Amino acid sequence: MFEKILIANRGEIALRVARTCRELGVRTVAVHSVADAESAVVRFADEAVQIGPSAAKRSYLNAAAILAAAELTGADAIHPGYGFLSESPDFADACRAAGITLIGPPADVMAQLGDKQSARTLMAKAGLPLLPGSLDPLELDEAHALADSIGFPVIIKAAAGGGGRGMQVVHASAAFPRAYQETRATARMLFGDSRVYLEKYLAAARHVEIQVLCDGHGTGVHLGERDCSVQRRHQKLIEESPAPLLPEGLAARMGASAVHGVLEAGYVGAGTVEFLVDRDGNHYFMEVNCRIQVEHPVTEMVTGIDLIAEQIRIAAGQPLGITQEDIIAHGAAIECRINAEDPAAEFAPAPGILAEFTPPGGPFVRVDTHAHAGYSIPPHYDSLLAKLVVWAPDRERALARMRRALEEFRISGARVATTRDFLREVLDHPAMRAATHTTGLVDELLGRG
């Protein structure tokens, strides 16, 4: 086991990692920007190092500063959390060159699976089903001809994209050329890579993902599925496990194919394989996330397995201590992301100072947060304030518990808006209650569906 882990992240995930490290008896180093000097993880960790000013590019995305902090403190591993450098092959290579273990997959595997276009090719070779689309980079004329043959709508996606950015849905052939060029320009601006690909767009689909764990000895397991269909701008708001109303046996087939696909790619660590499921129960591979997911607590609640602890053990070279038969899901869990965003203003960030922040409690309620009354929400980073997670023996009771917990959650502050009340609207929607909702539910609630 490692002696000291540097946590190259901030907010709730940094605190989450630090807590598991303490339970494992591993010392921690929190790195932080100027804006986060008084953050919860800085107070909780064994050591803290300031790595730069508030801007993420000069702090949490500054690989050199992070590696210098690791060398200064004698850390033998780095946990990148999610976002920032968590899926950067260059950072993984730099860690290896410095003799520090990055808690994540090897750099070459991360590069192949992090590129959505090459991931599609790899998973196609492994036998996973794909939506009709492109596997190789195409010029505009070729892409337009392919889109016409597939049939509209289609979606154009940045090969290097992530976090719901760098994609555009096209509903008609006449709009395709401009959308294709716009998406390429956006991809170049956001990711420094103008490559895009296209695939058939499913307007009424479920977004279902499989959590996988793979050790460095060729063994992999899946820990069931999560439904992540409630999204805004292709970014998730509510997640639940198990995914409700899937055809019998589908989750098990998706899980087996996900494990097979990532093992074929040489994956090591915790990851997520994402699928779309259409109205007929057909499933199609979307992408692989080479990191811990924001919504990992949902899986932890139904399986009782600490995914961060498993990540750390795998990175330390230990074989998986669980088999597929050991993993049994119990009950139902739901997670709501409480973001400092204004749903009435296209979910625009709404930073400010929290005058009140009183999380809910009660049986089987978990709140992962770094926020507190008096906390100044910085405008420089992701707007996530808290993850509210509940468990119950079945979905109906989990929904009731989540409604109660959201009502109990008290958040207020000057100029601060949050997603709390909007999430309550989503939970009360008839389609959500009946589990017939799709990725279009939020647009419907906002009058855009």
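**Figure 1. Sequence separation of contacts in the predicted model****.** Of the contacts in the protein that link residues at least 6 apart in sequence, 66% join residues at least 24 apart. The protein contains 15 helices and 20 strands. Its radius of gyration is 21 Å, close to the 22 Å given by the globule rule for 449 residues, so the protein is as compact as a globular protein of that length. Along the principal axes, the C-alpha atoms fill a box of roughly 60 × 50 × 45 Å. Buried residues account for 56% of the 449 residues.

**Figure 2. Buried residues of helix α3 and the elements they pack against****.** Helix α3 spans residues 63–73, and its buried residues are A65, I66, L67, A69, A70 and T73. These buried residues pack against the strands β1 (4–7), β2 (27–33), β3 (47–52) and β4 (77–79), and against helix α4 (89–97). An α-helix has 3.6 residues a turn, so residues three or four places apart point the same way. Just after α3, G74 adopts a positive phi of about 75°.

**Figure 3. Crossing of helices α12 and α13****.** The axes of α12 (residues 395–408) and α13 (residues 420–428) come within 10 Å and cross at roughly 155°. With angles over 145 degrees counted as roughly antiparallel, the two helices α12 and α13 are therefore roughly antiparallel to each other. Their crossing is left-handed. From α12, the contact involves L399, M402, R403, L406 and E407; from α13, it involves R420, L423, R424, L427 and D428. The residues of this contact comprise five nonpolar, no polar and five charged.

Methods. Residues numbered from 1 in each chain as written. Predicted model: local features only at pLDDT ≥ 70, side-chain atom pairs only at ≥ 80, totals over all residues. Heavy atoms only, no water. Axes fitted to C-alpha atoms, helices over the stretch in contact; angles between N-to-C directions. Helix = DSSP H or I, 4+ residues; strand = E, 2+ residues; numbered from the N terminus. Parallel < 35°, antiparallel > 145°, perpendicular 65-115°, else oblique. Left-handed = near helix turned anticlockwise from the far one by under 90°. Contact = heavy atoms within 4.5 Å. Nonpolar A, V, L, I, M, F, W, Y, C, P; charged D, E, K, R; others polar. Buried < 20%, exposed > 50% of the residue type's maximum accessible area, 1.4 Å probe, protein only. Rg over C-alpha atoms; globule rule 2.2 N^0.38 Å.
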